[in-house]
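Student: I have the sequence and a model on screen and want to go through the details before I read anything into them. Shall we take the topics one by one?

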Amino acid sequence: MPLRARQRCHAVLAGLAALALAAGLAGPTAGAAAGAVGAADTWTEVGHDRADPLTESQGLASVEVPAGSPNRYTGIGTIPLGLSGRGWNHVGDPDASYDGHYVEPYQRDDGDTKMFRVRAPDGRWSEYVHTLGPGEARNNSWSAISPDGQWMLAGEWGTMSRLLVFPTPGVNASTSPAANLPLAATVRLDRPVRDVQGCDFLDATTLLCSSDDPAGTLFGITKPLLRVDLSAAPAGGADVTGRVTALRQLPLRSACSGDFEAEGIDYDRRTGTLRVIVVSPGFCVLTDSRTYRLTRG
C-alpha cells in the first residue's frame, strides 16, 4: 500500500474508532462481482468472516506447524511498538513455510531498505533486512514462500511486470539476520499487474494473487483474483517467467458504497480453502470488512 493510501486508511480508522459500536447502518449494496474470466480455474465463494480493521486488515496466513496453530493476521494494530518506533510502520501480507516459519513483510517511509520479520517454530523472532537494488520500490506488500520452503517471492506496489525472489529468511541456509538478504532472481511476467496486495502458492509453479487494481484496464475487471503460472519453480540465480490470468473479480459487498480495498490472500492446502481480505468503504471499514472464503470448482 502506498504512503498516501495508508495515511488515508489510518485517518479513516482514527476518525471512526469512537463510532465503532454504532448500529443501524443502511445503504446500497455494492454491485455483484463480475463473472469469471478464466473459466478453467473457477473459485466460488463459500462463506466469509468479519475482518477486524485494526488487526486483520492487511494480510493473513495459515500456519501448519506446530499442529493446531491458529491462523495469523496482520494489520495496523499488530505492528509491535518497538518496530514502529524504529520506522517500520507498515506490515503487509505474511506467509508461512510448511515447516512452521512465519514471515511478515515490513516497509518504512524513508531509507533504502525493507525488512522481513521471521518467527521460527520455537517462537523466536528475528529480522532480515534487504537493501534495495537499482529500480526497486521501497514498498513491501507481501511474501509467499515456495512449497519446498527455500525461496520466497515478494511484491512491489504499483504497475509491475515482475515479482522478486529471495532466499527464504530463517529457512534457506544462506540467510542470516546479520547479513543483507539478497535478491536472488525475478519472476518476469508476460503482462503487467497492478497493486498486488498478496500472493500464495497453490503448488510449486502456480500462484494465486489478490490485486487492488482500481482501474480495471489491465484485465477488464477491477480488484481481480489473478493466477500466475510459472515456467519453473523459483530458484536462486535463475529468473523464471510467469503467465498471468485474471480468474474473477473478488467479492465486493458492503452496506456502504465507495472504494473497496483488496488486501492479503492465503491458500490452505489442508482444506483447499482460499481466503482473501476485502476492506469495506468509508465507515463500513469498521463494520463489514470481510475475509472471504473460496473453494475451487
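**Disulfides, strands and loops**

Student: With 110° about the S-S bond, which hand does the link of Cys199 and Cys209 have?
Tutor: This is a predicted model, in which local features need pLDDT of at least 70 and side-chain atom pairs count only at pLDDT 80 or more, while totals for chains, interfaces and linings use all residues. Residues are numbered from 1 along each chain as its sequence is written, and side-chain values use heavy atoms, without hydrogens and water. The sulfur atoms of Cys199 and Cys209 are 2.0 Å apart and form a disulfide (cysteine sulfur atoms within 2.5 Å). The angle about the S-S bond is 110°, and the link is right-handed.

Student: How many residues apart are Cys199 and Cys209?
Tutor: Cys199 is in strand 13 and Cys209 in strand 14; a strand is a DSSP run of E, at least two residues, numbered from the N terminus. Cys199 counts as buried at 1% relative accessibility, and Cys209 does at 2%; buried means under 20% relative accessible area, exposed over 50%, partly exposed in between (1.4 Å probe, protein chains only).

Student: Which parts does the pair Cys256 and Cys284 tie together, and how far apart in sequence are they?
Tutor: A disulfide joins Cys256 to Cys284, S to S 2.0 Å; its torsion is about 65°, so this link is right-handed. Cys256 lies in the loop between strand 16 (240–249) and strand 17, and Cys284 in the loop between strand 18 and strand 19, so the parts tied together are apart in sequence by 28 residues.

Student: Which residue takes a positive phi in the hairpin of strand 7 and strand 8?
Tutor: Strand 7 (113–119) and strand 8 (125–131) pair in the antiparallel sense over 7 bridges, with Phe116 opposite Tyr128. There are 5 residues between these strands, and the one with phi near 95° is Gly123.

Student: Which side chain does Glu136 join through a polar contact of 2.9 Å?
Tutor: Glu136 lies in the loop between strand 8 and strand 9 (142–145) and counts as buried, because its relative accessibility is 10%. Beyond four places in sequence, the residues Glu136 touches include Lys114, Arg162 and Phe166; contact means heavy atoms within 4.5 Å. A polar contact is a pair of N or O atoms within 3.5 Å; within protein, one must be able to donate a hydrogen and the other to accept it, and residues adjacent in sequence count only if both atoms are side-chain atoms. The partner at 2.9 Å is His130.

Student: What is the mean pLDDT of the chain?
Tutor: pLDDT is the predictor's confidence in each residue, from 0 to 100. It stays under 50 over residues 3–8 and over residues 10–39. Where pLDDT is low, the predicted coordinates should not be read in detail. In the chain, 87% of residues reach 70 or more, and the mean is 90.

Definitions and conventions: Pairing = 2+ DSSP bridges. Helix = DSSP H or I, 4+ residues; strand = E, 2+ residues; numbered from the N terminus.
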